[in-house]
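User: I'd like to learn how to read ring contacts and strand pairing in a model. Can you walk me through it?

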Amino acid sequence: MLDFRLKVFYTVARRLSFTKAAEELFISQPAVTKHIHELEQQLGMALFERIGNKIKITRAGQVMLKHADDIFTSYRNLEYEINQLKHEQGGLLSLGASTTIAQYFIPPLLAQFNQRYPEVTASLISGNTEQVEQALFDKTIQLGLIEGRSKNPVLKYVEFAKDEIALIGNVKYNYGDPDAPLTAAELKSIPLLMREQGSGTLEVITDELKRLKLKLTDLQIAMYMGSTESIKSYLHHAPCAAFLSLHAVKRELEAGEFKILPVKNFKLVRKFHFIYLQGQQDKLAQLFMRFARQHAGTPSTDTENKNA
């Protein structure tokens, strides 16, 4: 329904690369150049300028990009509403999620969503919160899902689930009195696996430990590791413990491989948020948000302890 040249321009403007645009659109680079040249002739103004091996969008290109954003949003909403008249839900839904959500939380949710709305084609990219926010600014995604909440006034934040972080151990080993929560003093004696320095997860854990008057230097840290999966793999083979998202260890807890180690006065719950650009009302993204809020489960230490 749209002039394909506009899509070519939009892709080049987002990628700032004729080569990457050609790869994304599955056409040749000369074809990309031809479409841009024809569009520039039609408008009577240059949309890009070359600086060495790079390209830069011109002021005319920036105006074009702003309106292209609005056009593509309107087009997606048009497609959504036409499908509703046909009693269908179809279209393209591009999502971006921070690591824990992308790896452990959203895949089962997307599977349910796909079964309910098979006409919707969804895609998912993952990264840290900053990268997901940038993807929204770049218009490469329609909706972001992040842990915690930043404070960018350009973005709208909508809470949709919670994530509890608890101390997790291997069921093969004893870590103290099984009938009583660990004290701060007992926690000091347990070898711990921690996420790497600079990790957002490590930051929130460090802040919560301050309530117990504990610093990282007070703890017996066996190793810092760069991913939750690495920590989980290590836990299968050593009498260590780790502060992990319950979403990340749901399968291991249910299988009886790991166990929750309650710590006295330690309760760490962080929120999951949808994020999208202020004023943007993408209808397909709204459909997914409604679905997610209805179907998102949030495991808790209380539930897991009852099942133990």
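Predicted model: local features only at pLDDT ≥ 70, side-chain atom pairs only at ≥ 80, totals over all residues.

User: How do I think about the side chains on a strand, and is E6 mostly covered or mostly open?

Analyst: In general, side chains in a regular strand alternate between the two faces of the sheet. As for E6, 13 of its 16 residues are buried, so it's mostly covered.

User: On to the rings. How many aromatic pairs are there?

Analyst: The whole structure has 13. The idea is to check the distance between ring centres, then the angle between planes: over 60 degrees counts as edge-to-face, under 30 as stacked. Take phenylalanine 113 and phenylalanine 288: their centres are 5.0 Å apart and their planes sit at 80 degrees, so this pair is edge-to-face.

User: Where in the chain are those two?

Analyst: Phenylalanine 113 is in helix H5 (residues 99–116) and phenylalanine 288 is in helix H11 (residues 283–295). They're 175 residues apart, so the pair links distant parts of the chain.

User: Are they buried or exposed?

Analyst: The cut-off for buried is under 20% relative accessible area. Phenylalanine 113 comes in at 2%, so it counts as buried, and phenylalanine 288, at 0%, does as well.

User: What does a stacked pair look like here?

Analyst: Look at phenylalanine 160 and phenylalanine 274, with 4.1 Å from centre to centre and 20 degrees between the planes. Phenylalanine 160 lies in strand E6 (residues 155–170) and phenylalanine 274 in strand E11 (residues 268–277), 114 residues apart. Both of these phenylalanines are buried.

User: Which residues do the ring pairs link into a cluster?

Analyst: Phe105, Phe113, Tyr117, Phe160, Phe272, Phe274, Phe288 and Phe291.

User: And what sits over the ring of phenylalanine 18?

Analyst: That's the charged end of arginine 50, 5.2 Å from the ring's centre.

Technical notes. Residues numbered from 1 in each chain as written. Heavy atoms only, no water. Phe/Tyr/Trp six-rings, centres within 6.5 Å; stacked < 30°, edge-to-face > 60°. Helix = DSSP H or I, 4+ residues; strand = E, 2+ residues; numbered from the N terminus. Buried < 20%, exposed > 50% of the residue type's maximum accessible area, 1.4 Å probe, protein only. Lys NZ or Arg CZ within 6 Å of the ring centre and 35° of its normal.
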